[in-house]
Amino acid sequence: MQLIATCPEETKPALVLELEALGALNIAPGYRAVGFEASDALLYELHLKLRTASRILKVIKEVPAKSPEMLRSQARRIHWNELFDARHGFMVESQGDDADKAGMAPKQIITQVRESIRDVFERAQGVAPVVDRSEPKVVVVAHLRHGRCMLSFDVSGKSLHKRGYREQGHPAPLKETLSAAILIMAGYDGSQAFMDPMCGSGTIAIEAAMMAVRKAPQIHRKKGEFHFEWLKDFDRDLWRATQDRVRAEKLEAPAAPVVASDINPTYVAMAKKSALDARVERYMTFNTGRFQDAEPPAPSGILVTNLPYGERIGSSEGDIVQLYEEVGDTLKQKFSGWQAAILAAAASPYKAIGLKPKRTISLMNGSIPCKLLLFDLYSGSRRAVQP
Ligand SMILES: C[S@@+](CC[C@H](N)C(=O)[O-])C[C@H]1O[C@@H](n2cnc3c(N)ncnc32)[C@H](O)[C@@H]1O
């Protein structure tokens, strides 16, 4: 089965690592996507376990589409009625930036594919499925590129970053998939001591706790929420067996501490509540306090955090520079033997941290360009030359 997992371009390396580790075949990175092959059993397992993918598409067919007429006649050759049931509402989504080059606007692509699907159903069984844009059971994705249209099913349904544990109310929460990608790119594998000393709503620490006990992030999704469940080839017995096997892989406890703290007690309470909803609260330790006063929970480990930045957290520029300097001093003085991964807005005074990163990765946090700074901290950690 030919599949495509989508993700932001910058976090693709983390998705590739996950797909490799889980046994996907013929992995082929593309733009904001990774193509691969998998069996039904692996597809089900990936839906439960992938931490960094936004969604998975199952390729139906790639057809020539140099004009609207060509797309329509090609899409009418697909036996849609053998792929899903006429009782399920469906919708068509258009993707691809060079749609216009083929003289087709996204709306036109959608119309051609949608009407082809309805024609095929009507011809085969005299009844066509309704178009449902609010809660479709079946989503067909049409991706036009260089005169060809890749038709696929979105088999995930709700975006995979929606784990169902997030509490509302923090002004700058990270996306769950981005948090997991940062952990993977920072080298966290679930076995090291972990700390987020500026945890906010707790996303990074909760994702770390799930990795520490090998908990599949989507294991709590309800029946029918994954869209592969609505396709005709869905194998319910295999799905149940996969869920049971994945559930059984969860560890009793993490191998090392997972610590989350924040200066603001409201955010610590929020993080705790989210961790409870994610069912990992009992594997974590929560503290309230300043990072500058925190002590490492183990002689070595990995600290991953997302620094506050003025416009989203409401501090003045002077305070921020001082805070970043203090973050650097705390890392240097107390976290020798640790690794650190710090996400900071590209426009922030992150150089005031004053330590030389071993690697810097550019990332987008929503619409905010950011830098992920990776440090190896040891007693001789060098202070970088100030900008
Ligand atoms: C960008 S937010 C973190 C968001 C978090 N990653 C999430 O997903 O919700 C930064 C956090 O740092 C906290 N903070 C600011 N100064 C701090 C300090 N000196 N020590 C500890 N936490 C601090 C803020 O309360 C805020 O929650």
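**Note on the ligand shell, sheet and helix packing**

1. The shell around the ligand has 12 nonpolar, 7 polar and 2 charged residues. Ala, Val, Leu, Ile, Met, Phe, Trp, Tyr, Cys and Pro count as nonpolar, Asp, Glu, Lys and Arg as charged, and the others, Gly among them, as polar. Of these 21 residues around the ligand, Met-198, Gly-200, Ser-201, Thr-203 and Ile-263 come nearest. A residue is near if its C-beta atom, placed from the backbone, lies within 6 Å of the molecule.

2. This is a predicted model: local features need pLDDT of at least 70, side-chain atom pairs count only at pLDDT 80 or more, and totals for chains, interfaces and linings use all residues. Residues are numbered from 1 along each chain as its sequence is written.

3. An open sheet is formed by 7 strands, ordered β2-β3-β1-β4-β7-β6-β5, with mixed pairing. Strands are DSSP E runs of at least two residues, and helices are H or I runs of at least four, numbered from the N terminus. Pairing requires at least two DSSP bridges.

4. β2 and β3 (residues 33-37) run antiparallel, joined by 4 bridges. Ala-28 stands opposite Gly-35 in β3.

5. Helices α1 (residues 12-22) and α5 (residues 176-186) pack at about 75 degrees, axes 9 Å apart. Axes are fitted to C-alpha atoms over the stretch in contact; angles run from 0 to 180 degrees between N-to-C directions. So α1 is roughly perpendicular to α5 (65 to 115 degrees). The contact of α1 with α5 has 6 nonpolar, no polar and no charged residues.

Terms used: Angles under 35 degrees count as roughly parallel, over 145 as roughly antiparallel, 65 to 115 as roughly perpendicular and the rest as oblique.
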